[in-house]
Amino acid sequence: MRKLTDIAANRRTWAWPYVLFMVLFVVLPLIMIVYYAFTDADGGFTLYNFIKFFHTSEAINTLIYSFAIALITTIICLLLGYPAAYIMANAEFKTPAVMAMLFILPMWINFLLRTIATVELFNMFGLPLGEGALLFGMCYDYLPFMIYPIYNTLQKMDKSLIEAAEDLGANKAKVFTKVILPLSLPGIYSGIVMVFMPTVSTFAIAELLTRNKITLFGSLIQRSFGEGGIAMWNYGAALSLIMLIIIALTSFFDSGKESDAKTSLI
């Protein structure tokens, strides 16, 4: 009995379920993606899948277009999300919890159901489904991912720094540009990554809100796996690996920017 108690008290024991989960659902799928990306239909090593991507103008154009859509979506979410986060974090406003709940409520519903509802909303008002509907749906689905990192950063900000700046004669514009904005940069960087990464690789939202008229890079990957045939699986794995590398580089960029922001403030 004592031995069982010692095992239960050991923190390493409780870490094993998480290790098993990581191995089965993170490490193993990544290994499979790398394996299929560098092999052909017969299982032999090849770089053909990557050569095919770089020699297919449609795939490259789709990647560039996906980046453009993700960038525009991120900028719109930042322009809308920062003021909302600032209002929620400002002590002068008495309803931050109500505003937070308003942004959280839609996220309780599956994003596919929200996207279908958006399609019906456009149909009800007779609005065309296309690029505009795609941007609207992207911003609607991912705006909370921009708001909450910025809100958490602003909420944890040391208010004495703002008071010190005001005591030194800085007006509201100076306080915002010299104190509040620099201190909120880590939240901005996190929000940018949390919005940019899923939007650049999504496919369901694009297919529903454009009726398959617009193809994003995620749609290209999904079709490669869905068309069947081991050769297409190899090509889809190569596209997935390219997207994974891009996302990893974006994450490293975010980490570096957060470190630079903290260093500059120190």
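1. A contact here means heavy atoms within 4.5 Å. On that basis, residues 24 or more positions apart account for 70% of the chain's contacts with a separation of 6 or more. The model is predicted.

2. The secondary structure consists of 13 helices and zero strands. Of the chain's 266 residues, 36% count as buried.

3. Helix α4 (residues 57–89) packs on helix α7 (residues 131–155) with the axes 6 Å apart and at an angle of about 45°. Because of that angle, α4 is oblique to α7. The crossing of α4 past α7 is right-handed. In the contact of α4 with α7, 25 residues are nonpolar, four are polar and one is charged.

4. The largest nonpolar core holds 38 residues. Leu134, Met138, Ile150, Leu154, Ile180 and Leu216 have the most contacts inside this core. Two or more residues each come from α4, α6 (111–124), α7, α8 (159–167), α9 (172–183), α10 (185–201) and α11 (204–210). The largest share is that of α7, with 13 residues.

5. Which residues does Met138 touch, not counting those up to four places away in sequence? They are Ile69, Thr73, Thr199, Thr202, Ile205 and Leu216. Met138 and Leu216 are both among the residues with the most contacts inside the largest nonpolar core.

6. Another core lies apart from the largest one and has 19 residues. Tyr235, Ala237, Leu241 and Ile246 are among them.

Notes
Residues numbered from 1 in each chain as written. Predicted model: local features only at pLDDT ≥ 70, side-chain atom pairs only at ≥ 80, totals over all residues. Heavy atoms only, no water. Axes fitted to C-alpha atoms, helices over the stretch in contact; angles between N-to-C directions. Helix = DSSP H or I, 4+ residues; strand = E, 2+ residues; numbered from the N terminus. Parallel < 35°, antiparallel > 145°, perpendicular 65-115°, else oblique. Left-handed = near helix turned anticlockwise from the far one by under 90°. Nonpolar A, V, L, I, M, F, W, Y, C, P; charged D, E, K, R; others polar. Core = buried A, V, L, I, M, F, W, Y, C linked by side-chain atoms within 4.5 Å. Buried < 20%, exposed > 50% of the residue type's maximum accessible area, 1.4 Å probe, protein only.
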